Amino acid sequence: MVYKIRKVQVATGIFLVEIPAADLTVLCACPADTVKHLIKRGLIIGTERNGVPCETGPNAILLSDELLQNGQFSNMAEFPVLQMFYRQGLILPNHPNNTGVRPLLIGSTEQVMVQMKYIFRGNYGLVSVEEMTEAGASATMAREMMRMKLRFAFGKIRGFEDLIEARMVENSPVELRNGAWIRRLAINQFEFSFADERVTVDLNLRPEQRYESPYPLGFHQVRREYFGVIHSGEGDGWDCERPCMASILMYQGKFYLIDAGPNLLGSLTALGIGVGEIEGIFHTHAHDDHFAGITTLMRGGRRIKYFSSALVRASVVRKLKALLSIREEEFHHFFEVHTLKPEVWNDLDGLEVKPVASPHPIETTIFIFRTLTGDGYRSYGHLADIVSLSVLRQMITDDPTQPGVTQDFYEQIVRRYVRPLTIKKIDIGGGMIHGDSEDFHEDRSGRILLCHTALPLTAAQREIGSSATFGSTEVLVSSHIDFVYRAALDHLRSYFAQVPEHLLFPLLNNPVVSFNPGTIILRDRETHSEIWLILTGSVEGIKVPQSHHCVITAGGLVGEISGLHNAPSTMTYRATSFVQALCIPHRIYLDFVKKNHDLEEFKQLHDRRMFLQGIAIFSEEIPAARLNALARALTSRDCAPGETVNLDWKVLRLVRSGSLEECIGDETFLAIGSGEVFGEDEALFDIPAMFGLRAVEATELFEIPGEMLRDIPIVRWKLFEQMEKRRKRLLHAHPLGLATWNWGEECVTGVRRFDRQHMRLFELGGLVIRAVERGEGGEAIARRVRDLLDSAVIHFREEEMIMRKYGVPEFKEHGKRHRELLVSMDGIARKIESGEENPDRASFAALFTNWLVTHIMVEDRKYGRFLNEVGVY
């Protein structure tokens, strides 16, 4: 059958739209591992053109309007774009597929701009000597790194605006190419049309949906060792059968990730390891196949330790900042940061680690780990994304003004790579930026593992090194300690912090039981005689009629509430991986609580904890001890119908019963009902609330101090996601409001001179919009954009001067944002003047809204409160 448009579902939430006559194949949504899904479905295949090997694949990407859905990134365009550029050959010199037609990046102005910045950082990392020295490099080291980086970049750091063509889709239909059109139907819903055919694409995930893994991993039960390595990934970013190169280090029964690639949660679940069991991560670099899973760690119940060199962390943080549009300081709210000194042994409570810089297009380190035993050191080396020595040799130059490396640097790298170790895991991906197994032919390490390739090993490679399968373990130092019981004691200490340790032993002196994946531990409405303390793996709690779902990991209790009340269970609990749990008889637990607590108070506390677990914000990963602390801190408040709720408090509010409505002035936006939360902008992010709230009926609220939530990563993450959705809803709710630049109270900073200047910027932005509407020429529109820019320059200068004078926190970061905005708009003006841009009203309204309105509503209103507090109005 001949078709004009064809839609193919690639995987959950991912589609491909083909319009052959327009020479257009659009990938719709691009979460992590999308390229692997396309390869697996046969939608990317190897071929050749004019005798040149290459791949097929999409030449355009439609971005999701929602960057985050159900805790996962919907847009990670780095690898899909790299596949277009290099594996299809769309930008390779003299390649038959390089016709000069650039790939398309399609979506809202906000998401297109975000992805451009994120791909840029993913491709280059730190991009100047200044950024490197700011991150801690010496001037000499920074210059040498920049020379090497420029050689990898073929002599020039290029903005992706030169390589990708953007199509901003807002409220009007947009022609993509050759008569193919797209229009937005609603948030995340689009219609493609060509000639007389149409297809619609819905990129929204339902609440219970997640982006799926392209490969099955099965289930594995891992023994906790004193010092060992679990192999959790041996493939590369194109291997559709295996996870990307990664390992999990075990030391004294604790787990440390080495990198965080795509589908990290799936890998951990397959290994029977809960996110809450991860002690820390050692990070080699920020390419997506080693970075994309970092959000899984940002959704834990506590801050996980983050170990890296200062330069790698700076590169990672800048990429994350580009992707999430957050301040660099936010990283510290999600991770407990530990900076490792390069080229020396760093002692981490007996585990020694040496990070060693390795040549790569972005800042990269290899890691060597060791610990002392009775017969000397046992060591493990993780050499991810190294470079072939033959490629590095070609970079040698004696001219310090030219891109490249010195002979001394080359020899230093050779010595680093071939250092003998007990076990060494190496990248053999080949090509311009990956390693070569031949470089290790004479390596005298005890065991060499060959990884980071999608290809089967050749005979020559098999002669050099071994391969490993997912879930296999290398034990360097065996354990004679039962780390599972030790973890049980640690959890009980945390949960019953006021109880002397010797009184915990009646609870501890019980059997540890194992559950296979998929086993129901406790059914809804079932009575039981045991309470289970989860020690390894993860358990889901399910209540279908109420669509209630929660996740319990190490340190959580199953059956506690119903056990205390001597009542049937109110949920079904089911193992999602191999699970080990301490099985405590109900009578022993109840007797312990009676002796050490007021039983009625303890029951009331746990009723409140169950209320918290019934709210999506608190339903995953949070340790039981932390949930108890939050439950104790809850205070109750009643609101009469029509009462306005004051949001100038640093508290998060939870609706226990009744309902409220969001409003700005007399305009109502959304109802907030039982089980929902609000006030996160004030409580966690120090942003004055955009909305007012009124009680629709008699309403009971719970309040939690925001300070208690700031360093619970998963709560912070979910509330950030919620705040962004509310902000977008406000912007989309004003097609004739903000888009035409009407001033509103949601933009007031409280500093009169700046509010007047902001109003003037709104007026000038409105003049640009109207000039576009009237069809004025590019020169006239560019002149009005220049007027806006000139006023913005004056305003930004005065704003920064006042912020500096009164010591506003993060004023330097605010100034950087100003410079980014000015550079962005100057580029737009230049393109209009040169005729490259063909302005339309919808695109400009969206661009200016993202550029200035959002900056004022979110970032400027934060400093306004600070200045008001020091007497500046």
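I count a contact where heavy atoms lie within 4.5 Å. With that criterion, and leaving aside neighbours within four places in sequence, I found Leu 654 in contact with Phe 611, Leu 612, Ile 615, Phe 618, Glu 676, Val 677, Glu 700, Leu 701, Phe 702 and Ile 704.

Basis of the entries. This is a predicted model, in which local features need pLDDT of at least 70 and side-chain atom pairs count only at pLDDT 80 or more, while totals for chains, interfaces and linings use all residues. Residues are numbered from 1 along each chain as its sequence is written, and side-chain values use heavy atoms, without hydrogens or water.

Core. The core holds 112 residues, and Leu 324, Phe 618 and Leu 654 touch the most other members. Helix α9 (residues 310-324) supplies its largest share, 7 residues. Helices (H or I, at least four residues) and strands (E, at least two) are DSSP runs, numbered from the N terminus.

Helix pair. I noted that helix α3 (residues 109-124) packs against α9 at about 165 degrees, with the axes 8 Å apart. Axes are lines fitted to C-alpha atoms, for helices over the stretch in contact, and angles run from 0 to 180 degrees between N-to-C directions. The angle therefore makes α3 roughly antiparallel to α9, a label for angles over 145 degrees. On the α3 side the contact is made by Val 114, Gln 115, Lys 117, Tyr 118, Arg 121 and Gly 122, and on the α9 side by Arg 318, Lys 319, Ala 322 and Leu 323.

Mixed sheet. I traced an open sheet of 6 strands in the order β21-β22-β23-β24-β25-β26, with mixed pairing; two strands pair if DSSP finds at least two bridges between them. β21 (346-348) and β26 (447-451) stand at the edges with a single partner strand each, so one side of each has no neighbour in the sheet. Strands β23 (residues 365-373) and β24 (residues 376-383) pair in the antiparallel sense over 7 bridges, and Thr 371 stands opposite Arg 378 in β24. Helix α12 (residues 407-417) packs on this sheet, touching β22 (351-357), β23, β24 and β25 (423-427).

Antiparallel sheet. I found 4 strands in an open sheet ordered β29-β34-β31-β32, with antiparallel pairing. Strand β31 (residues 539-543) pairs with β32 over 5 bridges, and Val 539 stands opposite Ile 552 in β32.

Note on methods: A nonpolar core is a set of buried Ala, Val, Leu, Ile, Met, Phe, Trp, Tyr and Cys residues joined through side-chain atoms within 4.5 Å. Buried means under 20% relative accessible area, exposed over 50%, partly exposed in between (1.4 Å probe, protein chains only). Angles under 35 degrees count as roughly parallel, over 145 as roughly antiparallel, 65 to 115 as roughly perpendicular and the rest as oblique.
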